[in-house]
Amino acid sequence: MINIKTLENEVKSLIYTIYEAKKNKDIQFLNRIYRNKEKFSKYNEYAPLRRLNRDEALLHDELYISNISDYSYEIKNLRIEINDNIAIATFYIQHKGIFVNNYNFTGKQIQNRTRSTMIFEKDKAKWFLIHEHSSRLEQ
């Protein structure tokens, strides 16, 4: 039997891998880790401010990460709770980067502080992201 600490470490590692994939513009990793259409949902900190299904979330993530350069992040106060095959992670994240508008060749410095929740489901020894909710905090 795997202990809770091992499962928490698996989820923690996956969260950091997700943000590294965003930093490295690896949309294929997100495509593999986002659960199937029936189980996945996401609320973003940026428009559109409505629940997104898997395909919409991947499209918006791809647009967002393809227009950000010099992206960096810092995760703080990460808390992970494991219940059978479900993991709930809550944390704060500081995002920094330059949003590049390729149409007029301009860039804008961005810096956001966000509170986030990620819910994962373990299926056949692999964790999948089934829900993500991010809300921007005032600076």
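Modeller: The residue to begin with is Y73, which is found in strand β2, where helices (H or I, at least four residues) and strands (E, at least two) are DSSP runs numbered from the N terminus. This is a predicted model, in which local features need pLDDT of at least 70 and side-chain atom pairs count only at pLDDT 80 or more, while totals for chains, interfaces and linings use all residues. Residues are numbered from 1 along each chain as its sequence is written, and side-chain values use heavy atoms, with hydrogens and water left out.

With a relative accessible area of 17%, Y73 is buried (under 20% relative accessible area, with exposed over 50% and partly exposed in between, for a 1.4 Å probe and protein chains only). Not counting residues up to four places away in sequence, Y73 touches Y16, Y19, E20, I93 and Q94, a contact being heavy atoms within 4.5 Å. The C-alpha atoms of Y73 and Y16 are separated by 9.7 Å, although these residues lie 57 apart along the chain. With E20, the side chain of Y73 makes a polar contact, side chain to side chain, at 2.6 Å; such a contact is a pair of N or O atoms within 3.5 Å, where within protein one must be able to donate a hydrogen and the other to accept it, and residues adjacent in sequence count only if both atoms are side-chain atoms.

The strand that holds Y73 belongs to an open sheet of five strands with mixed pairing, in the order β1-β5-β4-β3-β2, two strands being paired if DSSP finds at least two bridges between them. Strands β1 and β2 are the edges, each pairing on one side only, and the twist averages 20 degrees from one strand to the next. Twelve bridges join β2 to β3, and these two run antiparallel; I75 has I93 in β3 as its bridge partner. Helix α1 packs on the sheet, touching β1, β2, β3, β4 and β5, and its direction makes about 160 degrees with that of β2, with axes fitted as lines to C-alpha atoms, for helices over the stretch in contact, and angles running from 0 to 180 degrees between N-to-C directions.
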